[in-house]
Amino acid sequence: MPATTLSVENLSAGYGPTRILESISFSVAAGHRLAVLGRNGMGKTTLFATLAGQTRRYEGRILLGETDISSAPSATRARGGLGYVPQTRDVFPSLDVEENLIVGLKNRSKDAIEEAYAMFPRLKERRKNLGSQLSGGEQQMLTTARTILGRPSVLLLDEPLEGLAPVICEELMVAFSGLAASGEMTILLVEQRIQSALDFADEVIVLERGRIAWSGTPAALSADQEAVERLLGVGGLH
Ligand SMILES: Nc1ncnc2c1ncn2[C@@H]1O[C@H](COP(=O)(O)OP(=O)(O)O)[C@@H](O)[C@H]1O
Ligand SMILES: [Mg+2]
């Protein structure tokens, strides 16, 4: 499946009666990279969970390519090409690393697992270890690798660098960029490491209390110190 456009129109969503996201609209072109930034608790994870069909949607539409997936169950969205790496790791604790990866293959051949090992050599070293024996960072890698093996056309990455060593972070960001540049995937990234996110992205949205408070290019955000300070709380990017 090649990369697909993702469009969100006037989306409002939350948990039960609690409204979190209000009137969110944006579009990411096929093969492009969007960074979703904002302080803690501003709704980044809720946005991804809503795209994946795991919250209550009150209004608005979500389009995966030409297909309106707004009301589709999570599993249908996943089969339709939406890959979601949640902020909470999602490994099967009683399966080993290789078995966890096999779950992600869908109908691809087992040889494809080598792609995951090339991207995450650490997982190859630990391929006979159970999910429950992995460190937080390794669980993060495994969740990410398993999702990518399914060849999603749109990939949602919620803080994929959390708990990983800086050198691995750099390698991973390069690998993610490669996936987008090859035209295989459209990627949406939530990341606390703001400079890494800006280096990666074509476009940025910044959430504040469930609304889009800023949108534009990484260069424009870097140049807008007032917005950076107010919305991200960091005193200058380098
Ligand atoms: N399961 C839930 N039920 C009710 N409120 C939630 C739930 N998960 C998150 N929230 C609330 O939604 C808001 C946005 O949280 P979240 O999307 O996790 O933000 P972020 O990812 O930007 O840190 C917060 O006020 C949080 O307390
Ligand atoms: Mg979050």
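Serine 23 sits in strand S2 (residues 18-28), where strands are DSSP runs of E with at least two residues and helices are runs of H or I with at least four, both numbered from the N terminus. Its phi is near 50°, a positive value in a residue other than glycine. Serine 23 is partly exposed, at 37% relative accessible area; that label covers what falls between buried (under 20%) and exposed (over 50%), with a 1.4 Å probe and protein chains only.

Bear in mind that this is a predicted model, in which local features need pLDDT of at least 70 and side-chain atom pairs count only at pLDDT 80 or more, while totals for chains, interfaces and linings use all residues. Residues are numbered from 1 along each chain as its sequence is written, chains are lettered from A and ligands numbered from 1 in the order written, and side-chain values use heavy atoms, with hydrogens and water left out.

Glutamate 159 also has a positive phi, near 50°. This residue is found in the loop between strand S7 (154-158) and H7, and is buried, with a relative accessible area of 6%.

On to the second largest pocket, at about 170 Å³. A pocket here is an open set of points on a 1 Å grid over the protein atoms alone, where a 1.4 Å probe fits, with protein on both sides within 12 Å along at least five of seven lines; lining residues have an atom within 4 Å of a point. H7 supplies the largest share of this pocket's lining, six residues.

How values were computed:
Grid points are joined across faces, edges and corners, and a volume is the space filled by probe spheres set on the points.
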